[in-house]
Amino acid sequence: IFPHTLLPGYVLGGRFGATLQMNIIAALLMGQVFLLAVELFHSLSAAFMTWLVMAFTIPGIVYMGQIYPETLAALLVVWIARRIRNLPQEHIWRNRQFWRNCGVIAGSLLLLGLLKARYLPLVGSLMLFAVIHIVQRKGRLAQKFVFIAGTSVLFALLGVIAVAADQYLLG
């Protein structure tokens, strides 16, 4: 599915447009890295140093100007991790924003899995992070069990869709 994500850049400017699109994705990645570092460290100086190291060392500097899926995958991973960490804390089982965010996270995980099959371990790790993060919230045990069962079924279906899409796209 990665070549399809490059279509806007290719249509607008050929190879230069696709490279520019990848540079924009890399810039978004660096912004997300900075925001994640601020959330984790609660320090602008530590976040700036994290951003500086990530932006101007290998592998960041190597992949920024090249057309590889790693930059887009890294952006998705950091963005999904931030979304999981920022899920609403209170009354999550009755909160529409919580369920909307869960849907966006599930769609992003599906996109990450469809990007390249080698990113499936990342998808599994992020799914585990999300389930652990949500189960640690307040709530009754029955609600948590239903959530885990529903999440398992949902991600099994997403896995089947990913495999079917992969077979359809690649033959």
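Where is the place of His42 in this structure? His42 sits in the loop between H2 and H3, and we will come back to it below. This is a predicted model, in which local features need pLDDT of at least 70 and side-chain atom pairs count only at pLDDT 80 or more, while totals for chains, interfaces and linings use all residues. Residues are numbered from 1 along each chain as its sequence is written, and side-chain values use heavy atoms, with hydrogens and water left out.

**The overall picture**

Let's start with the whole chain. It has eight helices and zero strands, and the pattern read along the sequence is α-α-α-α-α-α-α-α. Helices (H or I, at least four residues) and strands (E, at least two) are DSSP runs, numbered from the N terminus. Along the principal axes, the C-alpha atoms fill a box of roughly 55 × 50 × 25 Å. Of the 171 residues, 35% count as buried. Buried means under 20% relative accessible area, exposed means over 50%, and partly exposed is in between (1.4 Å probe, protein chains only).

**Two salt bridges**

Side chains of opposite charge can pair when their charged atoms come close. How many salt bridges does the structure hold? There are two, a salt bridge being a side-chain nitrogen of Lys or Arg within 4 Å of a carboxyl oxygen of Asp or Glu. Here they are together:

| Salt bridge | Closest N to O |
|---|---|
| Arg82 and Glu39 | 2.7 Å |

In the salt bridge between Arg82 and Glu39, the pair links distant parts of the chain: Arg82 belongs to helix H5 (residues 69-85) and Glu39 to helix H2 (residues 7-41), 43 residues apart. Both Arg82 and Glu39 are buried. The other pair has Glu70 in helix H5 and Arg118 in the loop between H6 and H7, so it ties together parts that are 48 residues apart in sequence. Glu70 counts as partly exposed because its relative accessibility is 23%.

Which residues make the nonpolar surface patch of about 670 Å²? They are Phe48, Met49, Leu52, Phe56, Ile58, Ile61 and Val62. Helix H3 (44-56) and helix H4 (60-63) are the elements that give two or more residues to the patch, and H3 gives the most, with four. Patches are made of residues with over 30% relative accessible area and no salt bridge; like charges are joined within 9 Å, and nonpolar side chains (Val, Leu, Ile, Met, Phe, Trp, Tyr) within 5 Å. The accessible areas come from the Shrake-Rupley method with a 1.4 Å probe, and for residues only the protein chains shown count as cover.

Why does Ile58 count as exposed? The reason is its relative accessibility of 69%. Between the C-alpha atoms of Ile58 and Pro69, 11 residues apart along the chain, the separation is 16 Å.

**A pocket between helices**

Rolling a probe the size of a water molecule over the atoms shows where empty space is left. The second largest pocket has a volume of about 230 Å³. On a 1 Å grid over the protein atoms alone, a cavity is a set of points where a 1.4 Å probe fits but cannot get out, and a pocket is an open set with protein on both sides within 12 Å along at least five of seven lines; lining residues have an atom within 4 Å of a point. Grid points are joined across faces, edges and corners, and the volume is the space filled by probe spheres set on the points.

This pocket is lined by 16 residues, and Cys102, Phe147, Thr151, Leu154 and Phe155 lie nearest its centre. Helix H6 (96-115), helix H7 (120-135) and helix H8 (141-170) each supply at least two lining residues. The lining divides into 13 nonpolar, three polar and no charged residues. Ala, Val, Leu, Ile, Met, Phe, Trp, Tyr, Cys and Pro count as nonpolar, Asp, Glu, Lys and Arg as charged, and the others, Gly among them, as polar.

**Back to His42**

Most residues other than glycine have a negative phi. His42 has a positive phi, near 55°. At 70% relative accessibility, His42 counts as exposed.
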